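The entries below are kept in the order in which I worked through them.

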Amino acid sequence: MTERIDHTLRGRWTTEQAQLPPHALKWLRARIGAGAGAGTPARPPAVPDSALGDAARTALDAVVGPGHVRVDPGSRLGRAGGLSYLDLLRQRGDGDLAVPDAVVLPGTPEQVTEVLETCVEHDVAVVPFGGGTSVVGGVTALRGDKAAVIALDLSRLDRLVSVDPVSRLAVLQAGLTAPEADRLLAAHGFTLGHVPQSYERATVGGFAATRSAGQASSGYGRFEDLVEGVRLSTPVGEWRLGAAPASAAGPDLKQLVVGSEGAFGVITEVDVRLRPRPAVERYEGFFVDGWARGADVVRDLAQRRVLADVTRLSDVDESEVSLALAGGWKTKALKAYLGARGIGQPCLLVLGWHGRDRQEVRRRRRETLRGVEAVRLGTPLGEAWRHGRFNGPRQRDALVEVGVCVETLETAAHWSRLSELRTAVRGALVDALGDGCLVMCHISHAYETGASLYFTVLAARDADDPVRQWQVAKAAAGEAIAGLGTITHHHAVGTDHAPYLEGEVGALGVDVLASVKRALDPTGVLNPGKLIPGRTLAGGFPPAGLASRDDR
């Protein structure tokens with residue numbers, strides 16, 4: 001997997017694979033079955049010859065300049081898919097890997113628009129590519145009915161365009177990674193406050209295109225809450241939205257672009273709302289007895305409007321894994337202490353507050369904890385979670401290497417149906433993967449009316465057909481979610497969730513989306529097969545009245 005390493009060294013992927021400590025691997029083998037550890041060696045995936053015609057390549061070269069249209073196998077392989085479990089398997093040689101015919105790197109928003117116009121002229125599909133962190137097929141190099149497909153790599157659009165400290169606004173180019181955006185904003189005393197688990201790799205444009213939610217969303221808001229304006233390149237021209245802090249000039253078309261996943265256009269700049277950098281951050285760990293009681297605690301905080309900036313409740317299984325992987329005598333002592341305090345089903349609750357000074361944090365902490373019945377473990381446990389919060393993505397490669405099927409999925413529902421939804425999804429996954437699998441769940445985004453559920457699944461990998469193993473499990477989970485909650489709270493639609501979209505927004509809603517695409521992308525070059533469900537006909541999208549979902 002040389003290109004994966006090269007891609008890291010280019011600066012897009014900034015973290016190294018985390019290793020599994022021996023006690024963790026031993027625990028996993030005992031917990032999910034003998035298959036864990038029985039990894040198979042990776043096989044280099046085949047990279048087909050580029051189908052990009054000479055005329056199209058010459059025209060694209062003229063737009064973006066020498067060296068910025070790449071057709072070598074390494075560059076193309078590095079933009080083949082995202083970071084889902086199935087993507088990782090396909091990069092290892094299991095299943096079919098869709099590889100773009102070229103990688104095009106524009107340097108300005110104007111060049112992005114020219115690239116799209118060129119691709120329309122030469123019948124080439126365009127897949128916008130930011131940090132490549134999609135886990136739902138959002139950056140899979142599908143060509144639809146086009147002659148070729150390019151990955152439009154936005155990494156050269158990496159500028160902080162402007163900062164308005166009075167209005168607390170900044171204009172960021174879409175290719176900026178989250179850490180670099182925060183570094184540039186810190187020089188002006190500001191932060192985005194947007195820290196999803198993909199933080200180390202994801203980009204500003206990707207956040208906007210997928211309606212991302214960060215770990216501190218209770219305090220800072222989801223990413224769409226931060227978006228004040230967007231600059232969008234489309235095959236029919238450029239579109240700018242967001243002229244004022246609020247407007248009654250018709251429906252909010254800006255929110256039509258946010259979450260459009262590259263199907264309506266390519267986001268090149270985002271106007272974002274800023275927050276002053278917090279001077280004080282305090283994270284604490286608590287344990288509550290059982291999932292139901294823990295969910296009631298979080299609901300009460302949300303409905304009293306006193307949520308901490310970070311509010312995360314792990315169920316019994318996820319809490320058990322956290323303790324087991326920590327290992328050592330301290331973990332045994334903690335379990336004994338919790339038992340003595342009447343905690344028979346330990347559920348870890350992490351709360352984190354950000355503030356201008358200690359007084360503000362103390363005040364907010366008092367408001368949050370008023371009436372909360374929990375065993376407090378203090379800042380050491382909270383800080384341990386904070387410092388290890390990116391370990392999941394870092395350890396996935398290591399888990400795949402030792403034969404573990406490891407994947408995540410998420411949803412959200414109203415409080416009255418949240419436990420029913422959790423039970424349904426857990427049951428569907430266990431039925432599909434077997435009793436030996438481990439299904440963990442947490443709440444990390446809470447609202448007055450409901451909350452998200454984020455599942456992590458560990459199972460012994462099926463050596464004969466690992467791709468189908470997870471496809472069956474994910475489909476079972478999707479069927480369980482349908483009718484109880486949303487098919488996606490923040491991972492977006494991509495290809496994986498497209499079959500369920502009509503069930504959530506209705507056939508008329510799908511027709512509305514198809515009409516928008518028809519207006520902005522008449523020939524259907526933009527990200528074929530993503531977002532809009534249904535059989536793709538000539539033109540790359542379903543015509544009005546035919547946007548029904550494929551049989552599942």
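**Entry 1: ground rules and confidence**

I am working with a predicted model, in which local features need pLDDT of at least 70 and side-chain atom pairs count only at pLDDT 80 or more, whereas totals for chains, interfaces and linings use all residues. Residues are numbered from 1 along each chain as its sequence is written, and side-chain values use heavy atoms, with hydrogens and water left out.

I looked first at pLDDT, the predictor's confidence in each residue on a scale from 0 to 100. The protein chain averages 90, and 91% of the residues score at least 70. Over residues 1-15 the pLDDT is below 50, and I noted 38 contacts in the model for this stretch beyond near neighbours in sequence, a contact being heavy atoms within 4.5 Å. Residues 535-552 also have a pLDDT below 50, and here the model has 47 contacts beyond near neighbours in sequence. Where pLDDT is low, the predicted coordinates should not be read in detail.

Helices (H or I, at least four residues) and strands (E, at least two) are DSSP runs, numbered from the N terminus. Axes are lines fitted to C-alpha atoms, for helices over the stretch in contact, and angles run from 0 to 180 degrees between N-to-C directions.

How do H18 and H19 cross? The axes of H18 (residues 415-433) and H19 (residues 466-481) come within 8 Å, at a crossing angle of roughly 155°. The two helices are therefore roughly antiparallel to each other, a label that applies to angles over 145 degrees. Their crossing is right-handed, meaning that the near helix is turned clockwise from the far one by less than a right angle. On the H18 side I listed Leu 421, Ala 424, Val 425, Ala 428, Leu 429, Ala 432 and Leu 433, and on the H19 side Gln 469, Trp 470, Val 472, Ala 473, Ala 476, Ala 477, Ala 480 and Ile 481. These contact residues divide into 14 nonpolar, 1 polar and no charged; Ala, Val, Leu, Ile, Met, Phe, Trp, Tyr, Cys and Pro count as nonpolar, Asp, Glu, Lys and Arg as charged, and the others, Gly among them, as polar.

**Entry 2: H12 against H18**

I then turned to H12 (residues 291-303), whose axis comes within 11 Å of that of H18 and crosses it at roughly 150°. That makes H12 roughly antiparallel to H18, and the crossing is right-handed. Trp 291, Ala 295, Val 298, Arg 299, Ala 302 and Gln 303 of H12 meet Trp 415, Ser 419 and Arg 422 of H18. In this contact I find 5 nonpolar, 2 polar and 2 charged residues.

**Entry 3: H17 and its cover**

Which residues of H17 (residues 391-401) are buried? They are Gln 395, Arg 396, Ala 398, Leu 399 and Val 400, where buried means under 20% relative accessible area, exposed over 50% and partly exposed in between (1.4 Å probe, protein chains only). The elements covering them include H2 (22-32), H5, E16 (404-414) and E18 (450-460). H17 is followed by Gly 403, whose phi is positive, near 90°.

**Entry 4: two aspartates and a valine**

Asp 94 is in the loop between H5 (85-91) and E2 (102-104), and with a relative accessible area of 13% it is buried. Not counting residues up to four places away in sequence, Asp 94 touches Arg 43, Leu 89, Pro 466 and Val 467.

Asp 357, found in the loop between E14 (346-355) and H15 (358-369), is partly exposed at 30%. Its C-alpha is 5.9 Å from that of Ala 279, although the two are 78 residues apart in sequence.

Val 310 lies in E13 (residues 310-314) and is buried at 1% relative accessibility. Leaving aside neighbours within four places in sequence, Val 310 is in contact with Gln 215, Ala 216, Tyr 283, Val 350, Leu 351, Gly 352 and Trp 385.

Ala 492, in the loop between H19 and H20 (498-520), has a positive phi of about 85° although it is not a glycine, and at 8% relative accessibility it counts as buried. Leu 531, in the segment after H20, has a positive phi near 70° and is buried, with a relative accessible area of 6%.

Methods: Angles under 35 degrees count as roughly parallel, over 145 as roughly antiparallel, 65 to 115 as roughly perpendicular and the rest as oblique.
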